[in-house]
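Dear colleague,

Please find below the sequence and the structure that I am handing over to you. My notes on what was found follow directly after them.

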Amino acid sequence: MFVAWRELRFARGRFVLIGAVVALITVLVGFLSGLTGGLAAQNISGVLALPGTRLVLQQPDDGSPSFATSTLPSDALATWEAAPGVTEATPVGITQSRASRAGVDDLTGVALFGVPTATSESEPNDVLALAPSRDDEVGLSAGAAAKLDARVGDTLSIVGKDYTVASVGADLWYSHTPVMTMTPTAWSAASQRTGGTGDPTVMAVSGTPDWDAVATATHTQAATPLASLTALEAFRSEIGSLGLMIALLFGISALVVGAFFTVWTMQRASDIAVLKALGATTASLVRDALGQALVVLTVGIGVGLVAVAGFGTLAGRALPFVLSPLTTLAPAAVMAVLGLAGAGFALRTVTHADPLTALGSNR
Amino acid sequence: MIDLRDVTLTFPDGDQRITAVDHVNLRGLDGQVTGITGPSGSGKSSLLAVAATLIRPDSGHVLIGEGADVIDAAALSSTNAAALRRERIGIVFQQSNLLPALTAREQLLVMAHLGGRQSRAERTTIESRVDDLLDAVGLSTQAHKRPHQLSGGQRQRVAIARGLVHSPDVLVVDEPTSALDQERGAEIMRLIARLTHERNTATLLVTHDLVHRDTLDDLVTIVDGRVVASIG
């Protein structure tokens, strides 16, 4: 790195420029990742918090299962509950509706989850913990309580019926609406009032049954909670477009860094030939070139991450934004790796430099 | 000492090969400047490239050193040839070929950082010679300057110091005065001769300009790749 450090100082304008570009791309990637994480949490946190190792949805005759259209009739529920190997089966009803605090006209979109209360044998679970014990009560996720400005003891009106807030719990969301829990009976009635069948829409199952056999027999599909997220249309389309944007930014980052170092290395091809003529090993020249790229990437990405942390903290108050290692450090590491790969394209100039050209007079 | 024995070098030219160096025998002795001259295209720079191990000859031997220490550079792989240049051969190019990002002092220090397996002690040895050499070429007060802040003659002096900083057995010099005026050219030639004698280096120097003949200990003339005259 003897020459590399000195070149970084000597051509600091050029390196500051590329470092700034890397920092800006890091800000874009970090911001988009945080936003994606935030939007994803507002889409799926309620689903991921359901109990069970697999979620069972109705398998339609044509197309894929969907949380929005799934209905599990009582015989399918009974078959799953009785299937050998099943240790726990919790029918859950999910529908979206609107709610308001008594005396307030503003309606707020909510996701109604009909779930039984947790038993003493149940694993600790955020959704079950929120379930009320009485049919005229509801449990509010933190988001629902904030949106409705409601506290324990307040009365809420949901599709023409009043309920008392029994508890406020974890921050759970479903398809961008905050989760509110009801007893299965209350949920069934509410579902019917909104035009639904009143049947549970999902079953959370644990154990080791013959998943495929039971699913085929009941015209259902059993998937892990993560895999079942594809049955959430809003999440699928949202994460697809945001993921594509992030992937494109990664590609742009690799291309920009690669193009910069290709041009930079070609500009110093004659210097590389001189160093080789003086006896430099190709390995030391490669180390220098990659070291330079790593320094630029580290500084650029570091500055970008600081900006993301700042923006993220501010944006988190107004936007669904997740500031975590997964949305900052992970994308940063991918950018560093792709940036180095881009810089690696320039190495051909280093490895193929002919020391004999240093003897020429064309310099 | 450097001893080129029956060296032949050819280059591809369409379907055929042209002979740049044709069965040349040449010996450069320690503490002496051996000039190589000849008309353009005579093969003198090609011969210098062979001596500097920048290219392998088709046949012949390039013996560097003496006694048990002798090594045939013509038989070395490119990696080993690079190691030989790092340790036992100094090169001064026609243009100074200094690295624009480095100061004069760093142009010499870089020789201790070219890779390979130099020990810390070897590096320290090179680093300890840097100031002496800059002083020897009259640039101790210009050590902090980068190439664009130096004159052509000063740049060539730095290049000479760089060629000698690792105490090579052999110094190969390619037309060092071609970019300089008469007065500065004479200074550079005298400097090379003085350092060659002081440091007991075997110097091969290609020149087309015989104005400075008096600074050469030997002169070899090459025409069409062959040695046609040798004057001691």
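Chain B contains an open sheet of four strands, which lie in the order S2-S1-S4-S5 and pair in antiparallel fashion. Please bear in mind that this is a predicted model. In general, the strands of a sheet are paired through backbone hydrogen bonds, either parallel or antiparallel. The edges of the sheet in chain B are formed by strand S2 (16–28) and strand S5 (71–72), each of which pairs on one side only. Strand S1 (residues 2–13) of chain B runs antiparallel to S2(B), and nine bridges join the two. Within this sheet, B:Ile2 is found opposite B:Gly28 of S2(B).

Leaving aside residues up to four places away in sequence, B:Ala51 touches B:Ile2, B:Leu4, B:Val62, B:Val172 and B:Leu204. The largest nonpolar core has 104 residues, and those touching the most other members are B:Leu48, B:Val50, B:Ala51, B:Ile160, B:Ala161, B:Val172 and B:Ile192. The element that gives the most to this core is helix H10 (residues 282–315) of chain A, with eight residues. There is also a second, separate core of 57 residues, including A:Val115, A:Val127, A:Ala131 and A:Val214.

Finally, how many residues does the contact take from each chain? Chain B contributes 25 residues and chain A 22 residues. On the side of chain B that touches chain A, helix H1 (44–51) and helix H2 (78–88) of chain B each supply at least two residues. H2(B) gives the most to that side, with four residues. By class, this side of chain B comprises 14 nonpolar, seven polar and four charged residues.

With kind regards

Methods
Residues numbered from 1 in each chain as written. Chains lettered and ligands numbered in written order. Predicted model: local features only at pLDDT ≥ 70, side-chain atom pairs only at ≥ 80, totals over all residues. Core = buried A, V, L, I, M, F, W, Y, C linked by C-beta atoms within 7 Å. Buried ≥ 20, exposed ≤ 12 C-beta atoms within 10 Å, placed from the backbone. Contact = placed C-beta atoms within 7 Å. Pairing = 2+ DSSP bridges. Nonpolar A, V, L, I, M, F, W, Y, C, P; charged D, E, K, R; others polar.
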